[in-house]
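Here are a few friendly notes to read alongside the model. Take them one point at a time, with the structure open beside you.

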Amino acid sequence: MQAKKRYLILLSAGACLVLLFYLGGVQLPAASRSRHDRSRNGHRPEQPWPHFSDPLHLFLPWDQTDTTDYNLHISPRQKRDINTSVYKGKRCRMDSCFDFSLCRKNGFKVYVYPQQKGEKISESYQNILSTIEGSRFYTSDPGQACLFVLSLDTLDRDQLSPQYVHNLKTKVQNLPLWNDGRNHLIFNLYSGTWPDYTEDLGFDIGQAMLAKASISTENFRPNFDVSIPLFSKEHPRTGGERGYLKYNSIPPFRKYMLVFKGKRYLTGIGSDTRNALYHVHNAEDVVLLTTCKHGKDWQKHKDARCDKDNAEYDKYDYKEMLHNSTFCLVPRGRRLGSFRFLEALQAACVPVMLSNGWELPFSEIIDWNTAAVIGDERLLLQIPTTVRSIHQDKILSLRQQTQFLWEAYFSSVEKIVLTTLEIIQDRVLEHASRSSLMWNSHPGGLFALPQYSGYLGDFPFYYDTLGIRPYPKFTAVIHAVSPLVSQSQPILKLLAAVAKSQYCAQIIVLWNCDKPLPAKHRWPATSVPVIVIEGENKVMSSRFLPYEIIVTDAVLSLDEDTVLSTTEVDFAFTVWQSFPERIVGYPARSHFWDSNKERWGYTSKWTNDYSMVLTGAAIYHRYYHFLYTNYLPTSLKSMVDQLANCEDILMNFLVSAVTKLPPIKVTQKKQYKETMMGQSSRASRWADPDHFAQRQTCMNKFASCWFGAMPLVHSQMRLDPVLFKDQVSILRKKYRDIERL
């Protein structure tokens with residue numbers, strides 16, 4: 001009897017197992033492996049039941065799911081066409097869809113196709129092309145190019161937009177260098193159209209890379225595409241405004257904790273999150289405002305909340321909210337990206353991202369966890385509690401990082417485009433690419449060129465981070481333009497005084513005179529090496545070339561007619577060691593805005609502030625020689641060389657643009673001003689009556705044509721030796737010679 005029961009139990013269990021297996025409830029390991037293999041071959045795998053301990057999957061926009069409820073507006077044929085267009089090159093990576101051999105001979109050069117007659121180009125796309133053509137990457141010879149950029153406007157691929165370019169597919173395919181998009185970069189801000197707003201560009205991009213706004217993590221090809229921010233047509237081409245954080249308030253809280261003001265979509269994609277914001281709004285420290293009043297037929301679709309929302313919306317000023325809030329909500333719109341993102345960054349309002357599936361701008365290089373709060377659309381009701389729990393130290397850190405990122409990468413079209421190109425260059429020249437620290441700390445990746453060195457300690461910006469100090473010696477570079485005819489010339493006295501400095505490692509005389517080099521015995525004997533080299537092409541910019549014989553971190557730049565004592569040299573170098581990223585020196589100048597002439601003015605008057613320290617007697621880091629030579633456009637350096645003037649102003653512009661700080665003036669002998677300005681030598685530039693007018697013209701061209709803004713920063717600080725002018729014995733003073741006439 002018991003045996004029969006056991007047989008029945010076994011038979012029942014076996015039948016149950018067969019039934020479960022037939023219905024798919026139990027899967028053998030082989031089946032699991034084959035399903036995995038199918039997914040790798042391009043077939044979509046069946047989704048197993050999730051475990052509650054598993055992390056939540058990314059939320060997909062409604063138009064990207066496979067349920068029929070979400071695809072009411074897309075027919076099967078349309079969906080098939082879209083998938084074919086968007087995903088054809090989805091497997092592309094640098095090693096499979098990029099020809100590195102084009103970059104080996106001439107380096108990373110970018111070619112822009114010539115503009116075709118009759119083709120309309122939006123202002124934003126023209127700004128992008130102008131930035132590339134004005135950059136150090138540009139080449140007009142396609143045979144030298146590593147990367148190609150279309151002159152056809154691909155920014156707006158919304159078919160309802162007036163900027164939409166028709167027949168783009170045919171036009172692109174007819175380009176002689178297209179080569180299925182290989183080594184091409186396509187810029188795009190808007191893709192798809194109402195009501196679905198897919199990421200389809202309307203033409204086959206082949207193997208081209210995308211620099212795209214609002215790109216989803218699903219369609220983003222890591223280390224191949226570049227996610228860029230959505231920016232408006234008013235976004236400045238160069239320069240751009242600085243961030244709005246003028247000072248750090250402690251504690252870092254503002255009037256509002258969390259704000260948002262924008263459109264509310266009543267139907268279609270992007271409507272869910274914004275429609276739910278009213279649940280969180282409390283009209284006190286959490287102010288989330290939406291309006292239905294947009295579009296031609298908004299009244300046809302208005303719901304019961306529209307009138308109330310519209311009335312509340314009109315009560316608040318957006319800029320006032322933006323500048324007085326600790327956090328700014330950045331929910332998705334019709335597309336994943338939003339203008340609110342850049343607006344929040346500039347305002348030092350920490351962005352709270354609510355756009356599931358958005359590949360954040362420049363995510364390859366920027367650590368967004370240090371500047372933003374990444375939220376989840378499905379957890380909207382938890383957002384207020386989350387931001388209130390963030391410690392004030394963290395808030396201050398987040399806010400400061402928003403300002404750094406805004407000014408380093410996002411404040412102008414130029415910076416967005418150059419950042420995109422630098423990211424691609426780092427992939428191409430992987431042996432000389434930037435570290436995460438260089439991208440995410442001051443001064444940023446655009447000013448830290450890895451071609452200079454692979455060691456962070458060779459740059460002037462990372463000494464504190466690394467816990468090291470610059471090399472305790474300097475190299476003096478004396479710019480000589482006059483023939484050596486007498487042993488009493490100022491250059492020889494200067495050379496002797498500098499050589500006596502305890503910090504001097506070597507002296508380089510840059511001979512930019514038309515006369516032949518003097519014989520070796522004409523130079524005085526010194527305790528340090530004196531190296532005389534011929535200037536390249538005898539031009540002014542040659543004084544800032546990155547000469548390999550400069551082995552010290554510090555460079556003491558001197559004009560031939562400068563008069564300095566050994567004590568003054570020692571003191572200036574001691575000061576520089578505490579400020580290695582800045583220019584430290586003696587002759588100071590200033591700029592001002594002339595409201596009558598509506599231009600910048602230049603003055604050499606001794607006033608209570610200054611914004612430049614001239615390189616006729618200044619110390620700075622040798623990296624700025626490399627940056628001056630390799631970063632600045634050829635047009636600016638050519639202008640300086642043609643005028644034989646303004647090279648010192650251009651160097652001050654460059655260093656202030658990098659550091660966002662003024663130079664440092666050190667105290668000097670009383671006779672110094674009269675000596676510098678009173679030289680009667682024919683070679684002295686100060687004797688030229690056109691010299692001052694040229695310098696004023698230079699300054700305005702630098703500010704308007706390339707830098708896009710005035711980078712110079714005023715200062716009222718002068719550093720003197722301790723005990724300077726104090727009523728104590730002169731013997732107690734370390735730099736006593738500075739007080740003597």
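1. Helix 6 (123-133), strand 8 (256-263) and helix 9 (298-301) each give at least two residues to the lining of the largest pocket. Helices (H or I, at least four residues) and strands (E, at least two) are DSSP runs, numbered from the N terminus. This is a predicted model, where local features need pLDDT of at least 70, side-chain atom pairs count only at pLDDT 80 or more, and totals for chains, interfaces and linings use all residues. Residues are numbered from 1 along each chain, and side-chain values use heavy atoms, without hydrogens and water.

2. A pocket here is an open set of points on a 1 Å grid over the protein atoms alone, where a 1.4 Å probe fits, with protein on both sides within 12 Å along at least five of seven lines; lining residues have an atom within 4 Å of a point. Of the 44 lining residues of the largest pocket, Tyr197, Lys263, Tyr265, Arg334 and Arg335 are the closest to its centre.

3. Domain 1 (77-213) and domain 2 (256-411) each contribute at least three residues to that lining; the domain bounds come from an automatic or database assignment.

4. Now turn to an open sheet of three strands, in the order 19-18-20, with antiparallel pairing. Strands pair if DSSP finds at least two bridges between them. Strand 19 (599-603) and strand 20 (612-613) are at the edges with a single partner strand each, so one side of each has no neighbour in the sheet.

5. Strand 18 (residues 588-594) pairs with strand 19 over five bridges, in the antiparallel sense. Trp593 has Trp600 in strand 19 as its bridge partner.
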